[in-house]
Amino acid sequence: MSKPLALTLGEPAGIGPDITLQAWLRRTELGLPAFYLLGDPGFISQRAALLGLDVPVTETHPGQAVEIFSKALPVVPTGHRVTAQPGRPDVTSAEATIGSIRQAVLDVKAGRASAVVTNPIAKAILYRAGFTHPGHTEYLAELAADGGVVPQPVMMLWSPTLAVVPVTIHVALREAIEQLTSPLITSTTRIVAASLRRYFGLSRPRIALSGLNPHAGEDGTMGTEEDTIIAPAIATLRNAGLDVQGPLPADTMFHDAARKTYDCAICMYHDQALIPIKTLAFDEGVNVTLGLPFIRTSPDHGTAFGIAGKGTANPASLIAALRLAARMASQAA
Ligand SMILES: NC(=O)C1=CN([C@@H]2O[C@H](COP(=O)(O)OP(=O)(O)OC[C@H]3O[C@@H](n4cnc5c(N)ncnc54)[C@H](O)[C@@H]3O)[C@@H](O)[C@H]2O)C=CC1
Ligand SMILES: NCC(=O)COP(=O)(O)O
């Protein structure tokens, strides 16, 4: 791969810096794709020293990152000084965190990077600093807007054993039910099907849609959204030639045999989708944003403030995110 991956700073008081350093240290052993970190070189050197990790850091620009990567961690400065202490987040880091996401998108749009990989952010901390987007997923869609048109971003959590998509994303459960419509389900499913074809090489992806209510509504006795919203969406999708099954009871669609019948499970709300994958594949799960004009992946976990700066953070999910971004980029090339 000729272009590097652009890796964002994330919340600097969290484990993002720790897992970035650990991933770089394992680059040769694991044959990782080249990446550069968008952040403050001095800050990342300090975290390496705190963790006792021998990671040389080189301040650079994206064009030199691939060459530098074998010898040092390439860091592209964003112009924000970072002073965060592990486990003690505060709003003063917010601009550095947000600035690195903005810069990563500029880099990928300008062809300087092959994909965006994000380190975890602490949403509540960014909200306190005035950030108005629920999370990366929605913010990246705003940054991807073309001529004022914001694409629909779709959150997919992917692992070798399971891929899941929540139709509604970062909203309260009550609001998720209100947001649920047949057009939202069909547009989400179309984006998922197109992305599985384009980036994952599945010529005819098999998609399973969950119900919303217990037992998928039990014939309308435990809720009617299956009949009034989800089944009509499935009919539209089948008429368009997509391989879609459902609505399936969410409690019985994730066991071993059931998972073999589909390539991706589309669920109606955040926890319905994310609980099964984080239970089955926390270490290798990757959060992918579909529907954007560029590739974005991320570890499936959050900032883990309790273990930041302690040397116990597992870099496996970030490593999986780096690998998947590179795989998607080469599949799409
Ligand atoms: N993509 C992103 O930016 C995401 C950000 N978050 C944010 O993270 C913050 C904390 O969220 P939580 O629900 O506590 O989830 P979390 O994933 O940060 O932590 C959950 C548990 O898993 C452990 N853990 C997480 N990652 C680990 C790793 N790499 N190695 C070892 N142990 C690990 C933590 O120590 C904790 O016990 C929130 O502010 C949330 O908004 C959460 C998920 C994704
Ligand atoms: N639970 C997943 C999550 O919070 C990740 O959100 P995003 O920041 O990638 O939009």
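Predicted model: local features only at pLDDT ≥ 70, side-chain atom pairs only at ≥ 80, totals over all residues.
Residues are numbered from 1 along each chain as its sequence is written, while chains are lettered from A and ligands numbered from 1 in the order in which they are written.

Me: How do I read "strand" and "buried"?

Reply: Strands (E, at least two residues) are DSSP runs, as are helices (H or I, at least four), numbered from the N terminus. A residue is buried if 20 or more other C-beta atoms, placed from the backbone, lie within 10 Å of its own, exposed if 12 or fewer, and partly exposed in between. Here, five of the five residues in strand 11 (residues 286-290) are buried.

Me: Which strand pairs with strand 11 over five bridges?

Reply: Two strands pair if DSSP finds at least two bridges between them. Strand 6 (residues 154-158) pairs with strand 11 in the antiparallel sense over five bridges, and Met156 stands opposite Val288. Strand 12 (residues 296-299) is also antiparallel to strand 11, over four bridges.

Me: Why does Arg296 count as buried?

Reply: Arg296 is buried because 28 other C-beta atoms lie within 10 Å. Arg296 is found in strand 12.
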